[in-house]
Amino acid sequence: MTLDLQTRRNLELLESARGDKRHSLVAVLDQTRTPMGSRLLKTWLNQPLLHLDDLRLRQQDVRVFFDSGLERASLRTALGQIGDLQRLANRALNGNITPRELLALRHTLSAIPALAEFSALLPNPDPIPGLADVAELLATAIEDDPPTVLGRGPTIRSGFSDELDDHHRRAREAREWIANLERLERERTGIKSLKVGYNKVFGYYIEVTTAALATAERDRGDVLPTEYIAKQSISNATRYFTPQLKEFETIVLTAEETLRSLEASIYKRIVSQVAASADRLLTAAAAIAYLDVIATFAEVAVRNRYVQPDLTNDGELTIIAGRHPTLENLVPRGEYVPNDAILNDDQRIIILTGPNMAGKSSWLRQVALIVLMAQIGSFVPADSARIGLVDRV
């Protein structure tokens, strides 16, 4: 259907004349549960169909959930667990998806299987492709609470990568060894004042005061192990290191950078695997969006007492007790005064008269909106409606 910009504004499809979205047609119809469904509904509103067969298929699907309140409620609950699959798939395809977004994708994929049974209820279902492999990958690869940005905390789940786990283990053992070194060296040398310290210039060191060393040597002879290598002399002490301390120092000081680099490499591979499934993800997103809009049309129709219009190609327009879909929600329930509209081969023009503020323009918009709603597959606010498809408003 052709809808020029001024017509869209006058019909207040996406916002009212004052720019208020609450009083637009989309505010009435958009009770969707997913971002994809909301976008699809807006697309349909701006692109009403002209093909009778396609519209009747949509009507049949809406009727399924219109007639079954239990199934409709269960489906809408299940849809509430679905994230923005379309956006997440595109971000993976572009390679800029964050760890938290991969977690959101994981949660969404785990909720998708529940939707398949509802899709199967439709006479003409859009199949939701299997995504168990992607769900399994993310379940085994991504932590339950990853950081917002890669590198600011653990992202890859333990057990997914032997190489990463080995680096984590070595770094953990090195830190534990250094943490216990002071106690072990005090026991080995008998010098109770021995300290293990660290500074940015020399790294980790073992410090022995001159007085303590002299006392120990006087009492027990040479007490320092042969692997002690003098690193720095200060006024009252000497600082040493050992080859093993140097080895573990290297592991500890490079662990963060090494782990960050390794995790980034693994993360990139995971994203590439997800991106390879983007076609299936986007197909699933489209099927879920359709299911969402169809269930929404049914929900809105039940709430607002809409009826299924009879669609034809004969040019007839008969609306009995039609109501303006937006205005009727602005007055107390039952107070809106419905109006008929009848156009056919014998009567192609209606001359509408009345005083200012009597509702002439509202009636014109009401007729146009009912026709537009019918041509996106929605039920309409009327007691009955027979609508011959139009190609322009």
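Welcome! Start by selecting L317, L343, V367, A368 and V371, which lie nearest the centre of the second largest pocket, a site lined by 19 residues. A pocket here is an open set of points on a 1 Å grid over the protein atoms alone, where a 1.4 Å probe fits, with protein on both sides within 12 Å along at least five of seven lines; lining residues have an atom within 4 Å of a point. This is a predicted model, in which local features need pLDDT of at least 70 and side-chain atom pairs count only at pLDDT 80 or more, while totals for chains, interfaces and linings use all residues. Residues are numbered from 1 along each chain as its sequence is written, and side-chain values use heavy atoms, leaving out hydrogens and water.

Now show β7 (339-343), α14 and β8 (384-388), each of which gives at least two residues to this lining. The largest share, six residues, belongs to α14. The volume of this second largest pocket is about 360 Å³.

Next, move to the largest pocket, with a volume of about 550 Å³. Of its 26 lining residues, select the closest to the centre: N10, E12, A17, S362 and R365. Colour α1 (5-11) and α14 (360-374) too, as each supplies at least two lining residues.

Last stop: T326, in the loop between β6 (317-322) and β7. Is T326 buried or exposed? T326 counts as buried because its relative accessibility is 7%, and buried means under 20% relative accessible area (1.4 Å probe, protein chains only). Select H23, S24, L25 and V28 to see its contacts beyond neighbours within four places in sequence; contact means heavy atoms within 4.5 Å.

Note on methods:
Grid points are joined across faces, edges and corners, and a volume is the space filled by probe spheres set on the points. Helices (H or I, at least four residues) and strands (E, at least two) are DSSP runs, numbered from the N terminus. Buried means under 20% relative accessible area, exposed over 50%, partly exposed in between (1.4 Å probe, protein chains only).
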